[in-house]
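Welcome! Have a look at the model below, and then let us walk through it together, one piece at a time.

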Amino acid sequence: MIQQASLTWLAGHELRLGWRDWVSLITAGGRTRARTAFVALVCIAIFMHVFAYWTVATFANASLTSDAAALVGITGTLFLSWSLLLSQAMESVTRAFYSRSDLDLILTSPASARKVFAVRMGRIATAAVAIAVLLAAPFINVLAALGGGRWLSAYGVVIAMGAVATSAALALTIALFRTIGAKRTRLIAQIVAAVIGAAFVIGLQIAAIFSAGNLSRYTALQSDWMLQHAPDTTSAFWWPARAVLGDYVALAAVVIFAVAMLGLAIAVFSRRFGEHSIAAAGVSSAAVRQRRWGLAFRRRSSARTLRQKEWTLLRRDPWLVSQSLMQILYLLPPALLLWVTFRSGHDAFVVLIPVIVMAAGQLAGGLAWLTISGEDAPDLVSTAPIATNRIFLAKIEAVIGMVALIFAPLVAFLAFDDLFAATVCGLGILSAAAAATMIQLCFRIQARRSHFRRRQTSSRIATFAEAFSSIAWAATSALAAAGSWQAIGPAIVAFGILASVWLVSPSRR
Amino acid sequence: MTGSNRSTALALRGVSKSFDRLAVDALDLTIYGGEFYALVGPNGAGKTTTLRMVVGLLKPDAGSIHIGGIDALSDPVAAKQITAWLSDEPMIYDKLTPYEYLEFVAGLWRIEPAVAQARARELIGWLGLKPHAHERCEGFSRGMRQKVALAGALVHDPKLIILDEPLTGLDAGTARQVKDVLRARVREGGTVIMTTHILEVAERMADRIGVIARGRLIAEGTLDDLRRQTGKTATSLEDTFLTLVAEQAAA
């Protein structure tokens, strides 16, 4: 019999909640969808293994005494993955601080808050490790199948990476709490998390642009400069890479270091976690005074009133702005490549335009969800004396307007060099944005704006349709910019996706 | 109080709605202008479904709905122009201030800006929201949010106000303010329809009370009319209501 409120009992409780969250995430809340979700997971696993075979099969027989180039490549890949894990862990830690779901119960119960938070941190670490293992498993399995069991040691490295990422995320988030306070930490921590997740990828791409004029991040990792400045191959710096290659001594050192880091972080921060959670609880009650829009009410059409409301709500929510615009961060390397190309006179538009169009589609999808499904007063808008299609039209206009405003500078810059490419890019952006908005309209639900991050789990079909539609429009734009008549192919696919979405959409029924 | 010589504010004829089961069953209901009408019934009786059909949030499977003589099913925009809806869960925008929220509502109903602004100021003062008029609603208590939503429902000067459990979760002071505002609307000639589980409120405020159970109107009238129907005089609305519902369940 497990003693109540003990660490084991609490861990069991967290495990149960975590498992149910995961099942809910996979099945989107529908128990009857479990079988479908299982089949989908098996298909994804097969696809990922095929993809892994295609990308890493040639490295399966790399020797333990690999040269600096191999060590730099593996370490760079590990660091890239670790930065994403750190980003994810920071998100989880921040969410745990601000989530009020059961904190009132926990903090008012006689159970030791320190124990509760220690277990909760353990849950965050477990989730981080589980995600890392799931993502890495196809690659490790393929390497082990082709190159021998020694590659299985990579699982140990992945687990260690998850543990260290959680420790670093705890330290960083609590440092933010202590320096900038509970009120600002929520926003800043999430921006920092996103920047950390993107910075390493973007940094490598920028380095690649300047050194080789392309977007491949591995170009920078394999550059002469990098190889010359890398530490000696016997250095402890390469232990994680050596552990991946099957060096069991290095593996033991890496795992021991990671477990010690996580244990230390939990021991040190579990008490502070409760203090900061209490501080975070007080944030929402703070009043924010708003400068008056003006002394007099203004005369506007109903559509303009709706558009203005959408823009005002978005502008006043820095968290949503950061979540939406973070996708724009990934446009930085293509924009830089555009600038470099512009200066050197090379023609790289075929590479750039699909990236821009794809980003526009994804951004529009997010904004459309916010304006259509994330309407906080649906009854008010629905009972207003405006025709329903006029309401939707105003919301679509609000989304397209925002996307146009964000992408206009890029298109204008492109137009200086090539008017045809700029026209294609502009049309591609509008098409991808309109398609993503239509998909969100077909799969509209009633949700809180604060659930924005969970929007992908509410409808798998909408999520995949949105992604494939953006890809199809990106391909159409790239081929059109290259002057190929084959652009008609992906355009037909894009329209086909929209038609399929319309046919299966719940709103039609 | 009879409505024979008064205009009809709301008329439902044979209105039905089914989900997994029958929620509203061929309901006939007439409410007159300048009347305060309370719709009471047990949980799941079909009160909210009925009212959501009236304001256009649900489409009835059968029947007709007329608001102020306008066919709400064939001309919903015209019907909505003279109607306000307030649900039990105040739905407002956290990032707008009460003042901005009222400007938004006035914009949706296309109210003349000067008129809407004067009304907004009056309502903000009346509901005690003046100190918070330019604060974002995100930090507001439930009572304050309900007051903002009520101000939004009144700013376009609707002829018919429909409220679903408007007093749920409000403290005594806020509940009193809401009730005062609604009484004032009725005095000015407006019509108020309200669902409530607080039978005391229905007893004190309503001109007529409708009892709904299993999607049908099982009794209607003043408190005395309802008492007569149960054959028991000098009983409270609570006793009368429980008797009526028990009779319906047994039928």
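The buried residues of helix H5(B) are covered by several elements, among them helix H15 (378-382) of chain A and, from chain B, E6, H3, H4, E7 and helix H6 (172-187). Before going further, note that this is a predicted model, in which local features need pLDDT of at least 70, side-chain atom pairs count only at pLDDT 80 or more, and totals for chains, interfaces and linings use all residues. Residues are numbered from 1 along each chain as its sequence is written, while chains are lettered from A and ligands numbered from 1 in the order in which they are written.

A residue is buried if 20 or more other C-beta atoms lie within 10 Å of its own, exposed if 12 or fewer, and partly exposed in between, with C-beta atoms placed from the backbone. Helices (H or I, at least four residues) and strands (E, at least two) are DSSP runs, numbered from the N terminus. Two residues are in contact if their C-beta atoms, placed from the backbone, lie within 7 Å.

How many of the 13 residues of H5(B) are buried? Ten of them are, and the helix is mostly covered. Met144(B), Gln146(B) and Lys147(B) are among these buried residues, and the list also includes the run from Val148(B) to Leu154(B). H5 (residues 142-154) lies across E6 and strand E7 (160-164) of chain B, at about 170° to E6(B). Such angles run from 0 to 180 degrees between N-to-C directions, and the axes are lines fitted to C-alpha atoms, for helices over the stretch in contact.

The expected span of a helix is 1.5 Å times one less than its number of residues.

| Helix | Residues | End-to-end C-alpha distance | Expected span |
|---|---|---|---|
| H4(B) | 14 residues | 20 Å | 20 Å |

In H4(B), the buried residues are Ala116(B), Gln117(B), Ala120(B), Leu123(B) and Ile124(B). Seen down the axis of H4(B), they fall within an arc of 130°, so they line one face of the helix. The arc is that of the directions from the helix axis to the C-beta atoms. An α-helix has 3.6 residues a turn, so residues three or four places apart point the same way. The buried residues of H4(B) pack against H3 and H5 of chain B, whereas Ala114(B), Ala118(B) and Gly125(B) on the other side are exposed. Just after H4(B) comes Gly128(B), with a positive phi of about 70°.

**The six-stranded sheet**

Chain B has an open sheet of six strands in the order E6-E7-E8-E3-E9-E10, with mixed pairing. E6 and E10 of chain B stand at the edges with a single partner strand each, so one side of each is left without a neighbour in the sheet. On average, neighbouring strands are turned by 15° against each other, direction ignored. Two strands pair if DSSP finds at least two bridges between them.

Which way does E3 (residues 36-40) run beside E9(B)? The two are parallel and are joined by four bridges, with Ala38(B) opposite Ile209(B). E3(B) is also parallel to strand E8 (residues 191-195) of chain B, again through four bridges, and here Leu39(B) stands opposite Thr195(B).

E9(B) (residues 208-213) has six of its six residues buried. Arg208(B), Gly210(B) and Ile212(B) point one way, and Ile209(B), Val211(B) and Ala213(B) the other. Five bridges join E9(B) to E10 (residues 216-221) of chain B in the antiparallel sense, and Val211(B) stands opposite Ala219(B). These two strands form a hairpin with two residues between them, where Arg214(B) in the turn has a positive phi of about 50°.

**Where the chains meet**

The contact takes 34 residues from chain B and 32 residues from chain A. On the chain B side, H3(B) gives the most, with seven residues. That side divides into 15 nonpolar, ten polar and nine charged residues. Here Ala, Val, Leu, Ile, Met, Phe, Trp, Tyr, Cys and Pro count as nonpolar, Asp, Glu, Lys and Arg as charged, and the others, Gly among them, as polar.

Chain A itself has 20 helices and zero strands, and buried residues make up 39% of its 509 residues.
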